[in-house]
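Welcome, and take a moment to look at the model before reading on. We will begin with a single residue and widen the view from there.

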Amino acid sequence: WVWLVWVFYSFVESYDKKRKNPASPHPMTWQLVAFLLIPTRSFSRIWGAVMEVEIHPWLRLPLLGLYKVIFGCNMEEAEIKELREYSSFQKLFERKLREGVREIDTTHHLVSPADGKILHFGPICENTVEQVKG
């Protein structure tokens with residue numbers, strides 16, 4: 001534990017020295033340091049590999065059903081409505097929608113073709129970390 005605390009403290013100290021604006025409105029917090037220490041790229045790649053693993057047919061309904069409930073997937077919009085037909089989480093994630101289910105709103109300048117919510121917008125400030133991938 002002593003080693004871990006020393007690494008954490010050393011990281012905070014070196015990061016504070018590198019900051020250009022020490023009077024930043026976003027002070028260095030333990031949460032920010034912890035986030036910066038996490039190997040997010042590696043976790044993202046591992047998670048991507050796990051999502052592509054083929055699920056045994058008798059496990060598809062319970063596992064993909066749980067995914068559907070947690071993330072609010074509307075299977076009525078999908079070309080293939082039956083969860084058993086999707087061999088992996090990735091296949092369910094990138095499912096095709098039926099024609100005409102979601103019309104593109106041509107009255108707006110910015111349109112997103114994905115399911116999602118805008119959680120934050122505004123100027124990007126120094127030392128600000130926004131979660132952009134869940």
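This is a predicted model: local features need pLDDT of at least 70, side-chain atom pairs count only at pLDDT 80 or more; totals for chains, interfaces and linings use all residues.

Residues are numbered from 1 along each chain as its sequence is written, and side-chain values use heavy atoms, with hydrogens and water left out.

What does the ring of Tyr67 pair with? The rings of Tyr67 and Phe89 have their centres 5.6 Å apart and their planes at 45°, so this pair is tilted. The rule behind that word is simple: rings of Phe, Tyr and Trp (its six-membered ring) pair if their centres lie within 6.5 Å, and planes under 30 degrees apart count as stacked, over 60 as edge-to-face and the rest as tilted. This pair links distant parts of the chain, with Tyr67 in helix 4 and Phe89 in helix 5, 22 residues apart. Phe89 also counts as buried, at 18% relative accessibility.

By the ring rule there are two aromatic pairs in total. In the other, Tyr67 and Phe71 are tilted as well, at 4.8 Å centre to centre and 50° between the planes. Both of these residues lie in helix 4, four residues apart, about one turn of the helix. Phe71, however, is exposed, with a relative accessible area of 57%. Together, Tyr67, Phe71 and Phe89 form one aromatic cluster.

Now let us look at the nonpolar surroundings. A nonpolar core is a set of buried Ala, Val, Leu, Ile, Met, Phe, Trp, Tyr and Cys residues joined through side-chain atoms within 4.5 Å. The largest one here has eleven residues, among them Tyr67, Tyr86, Phe89 and Leu92. Helix 4 and helix 5 each supply at least two residues of this core. Leaving aside residues up to four places away in sequence, Tyr86 touches several partners, including Arg60, Leu64, Met75 and Arg95; contact means heavy atoms within 4.5 Å.

That brings us to Arg95, found in the segment after helix 5 (89-93). Is Arg95 buried or exposed? At 14% relative accessibility, Arg95 counts as buried. Its side chain reaches the backbone oxygen of Leu92 at 2.9 Å. Glu99 is found in the segment after helix 5 too, but Glu99 is exposed, with a relative accessible area of 79%.

Finally, step back to the whole protein. There are five helices and zero strands, where helices (H or I, at least four residues) and strands (E, at least two) are DSSP runs, numbered from the N terminus. Of the 134 residues, 17% count as buried. Among contacts between residues at least 6 apart in sequence, 45% join residues at least 24 apart. How confident is the predictor, on the pLDDT scale from 0 to 100 for each residue? The average pLDDT is 79, and 65% of the residues score at least 70. Among the elements, helix 1 (residues 2-18) has the lowest mean pLDDT (63) and helix 4 (residues 57-71), where our walk began, the highest (94).

Terms used
Buried means under 20% relative accessible area, exposed over 50%, partly exposed in between (1.4 Å probe, protein chains only). A polar contact is a pair of N or O atoms within 3.5 Å; within protein, one must be able to donate a hydrogen and the other to accept it, and residues adjacent in sequence count only if both atoms are side-chain atoms.
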